[in-house]
Amino acid sequence: MKTLNENQTKLLNAAYNKFGNTASKRELQDFATDMGQPYPHFMIHRDYRIKRNVYDLNAQILPLSKSKKVVEPTKVISLSMDSGGFKENLIPEVDPLYVPFGNAKMIRDVIKSKMFYPLYITGLSGNGKTFGVEQACAQSKREVIRVNFTVETDEDDLIGGFRLVNGETKFFKGPVIKAMELGAVLLCDEIDLANPAKVMCLQPILEGKGYFIKKTGEYVRPAAGFTVVATANTKGKGSEDGRFIGTNVMNEAFLERFPITVEQSYPSPSVEKNILQKVFTNLDIKDSEFLDKLVDWADIIRKTFYDGGVDEIISTRRLVHIAKAYSIFNDRMQSIQMCINRFDDDTKASFSDLYTKIDAGVVVEDVTENSSEGKVIHPYKG
Ligand SMILES: Nc1ncnc2c1ncn2[C@@H]1O[C@H](COP(=O)(O)OP(=O)(O)OP(=O)(O)O)[C@@H](O)[C@H]1O
Ligand SMILES: [Mg+2]
């Protein structure tokens with residue numbers, strides 16, 4: 001088979017998507033004209049003539065997919081062609097552990113309004129950005145499609161692409177198109193990890209306009225209710241201090257398309273105590289003294305971090321990790337130790353020292369003078 005150029009390949013795929021296995025000469029001719037392409041000689045070739053005026057598209061598309069050397073296609077069994085797999089209920093469940101704070105009401109109001117009004121939520125890790133958006137959707141009973149961005153995320157992942165299903169090449173719509181069609185909230189999670197050049201396809205979508213899917217020739221208009229919420233650790237200018245490795249400098253024009261940037265900070269100690277209280281109750285932990293001390297400890301660490309005194313921070317997420325460790329080990333210091341092990345030795349030492357200053361019940365003793373480990377932490381006994 002003659003090698004097709006890019007336009008011809010797209011046209012063939014699009015024709016196949018529209019007409020299925022066969023199409024008439026007239027249909028193919030008109031279709032090419034509609035797509036702004038020249039007369040499609042390659043499709044209307046005698047090798048593919050089934051009967052008078054009818055041409056086989058299937059036979060043309062199959063060798064194509066083989067020539068692309070598709071390695072072991074993933075078996076897709078129950079995906080519907082249109083949906084690309086989004087069949088489940090897309091309204092998240094209301095989580096009883098969620099505690100709204102800060103800009104939560106504003107975010108919920110925007111989502112509830114069903115207006116197209118993209119939000120960019122930025123803030124340090126583990127302070128409830130993603131959780132907050134999901135819960136705002138749950139509370140306003142709005143469907144949400146979450147896409148987690150990586151440096152590899154591209155148009156094919158977002159808009160859709162051709163997949164081999166049971167030996168046939170079919171176009172599957174991606175999450176962005178699906179959210180547009182459903183009028184759902186598109187949650188672009190950790191968008192600053194994306195390679196800006198690869199996600200430029202989002203540009204017209206962030207303007208609330210329709211999107212022309214080049215691969216199929218289809219024009220998709222956003223249904224009422226469609227909007228975009230992005231979350232990120234940075235404001236799209238990269239991470240100078242290197243805390244957020246992998247974040248990229250986003251395109252200015254891209255950022256400009258978000259009318260509102262929400263800066264989300266960690267919850268205040270009183271809110272964080274409410275959050276942890278729910279987690280403790282859920283885990284059946286009855287130690288409100290530990291709860292208070294944990295929150296105070298995190299608060300002091302955060303203040304020290306903002307003053308430049310330490311390089312790391314304790315997030316709300318980490319406090320939840322510690323609560324879970326405590327429900328298993330029933331040991332204050334061990335739970336803290338285990339959950340701060342991810343930090344470097346100096347940070348670990350200063351975080352645990354700090355905790356011992358807050359909680360006189362835990363004892364830290366040096367047992368080996370020259371040991372680099374240096375310290376044995378005695379479990380809290382109380
Ligand atoms: N408002 C809240 N109410 C209850 N729990 C919360 C709240 N905020 C954060 N948490 C806890 O912290 C965890 C982390 O939240 P989330 O994943 O939303 O953080 P994030 O800000 O998106 O972090 P990252 O920037 O790393 O993606 C949640 O799973 C939850 O346990
Ligand atoms: Mg997140």
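Which residues have the most contacts inside the largest nonpolar core? In this predicted model, that core comprises 40 residues, and the ones with the most contacts inside it are Leu 186, Leu 187 and Ala 230. Leaving aside residues up to four places away in sequence, Leu 186 touches Ile 145, Val 176, Ala 179 and Val 228. Apart from this core lies another, made up of 27 residues, among them Phe 290, Ile 314, Tyr 326 and Val 362. In soluble globular proteins, nonpolar side chains tend to be buried together.

When contacts with a separation of 6 or more are considered, 70% of them are accounted for by residues 24 or more positions apart.

Arg 332 has its place in helix α13, which covers residues 332–340, and Arg 332 counts as buried because 25 other C-beta atoms lie within 10 Å, where the cut-off for a buried residue is 20 or more. Leu 294 is 38 residues from Arg 332 in sequence, yet the C-alpha atoms of the two are 9.4 Å apart in space.

The shell around ligand 1 has 19 residues, of which Ser 125, Gly 128, Lys 129, Thr 130 and Phe 131 come nearest. By class, seven residues of this shell are nonpolar, nine are polar and three are charged. Helices α5 (129–139) and α12 (316–329) each supply at least two residues of the shell, and α5 gives the most, with four residues. At the level of domains, the shell around ligand 1 draws at least three residues from domain 2 (104–263) and at least three from domain 3 (269–378).

It remains to consider the confidence of the prediction along the chain. The mean pLDDT of the protein is 86, and 87% of its residues reach 70 or more. Over residues 64–86, however, the pLDDT is below 50, although this stretch has 23 contacts in the model beyond near neighbours in sequence. Over residues 365–382 the pLDDT is likewise below 50, and this stretch, too, has 23 contacts in the model beyond near neighbours in sequence. Where pLDDT is low, the predicted coordinates should not be read in detail.

Note on methods: Residues numbered from 1 in each chain as written. Chains lettered and ligands numbered in written order. Predicted model: local features only at pLDDT ≥ 70, side-chain atom pairs only at ≥ 80, totals over all residues. Contact = placed C-beta atoms within 7 Å. Near = placed C-beta within 6 Å. Nonpolar A, V, L, I, M, F, W, Y, C, P; charged D, E, K, R; others polar. Domains from an automatic or database assignment. Buried ≥ 20, exposed ≤ 12 C-beta atoms within 10 Å, placed from the backbone. Core = buried A, V, L, I, M, F, W, Y, C linked by C-beta atoms within 7 Å. pLDDT = per-residue confidence, 0-100.
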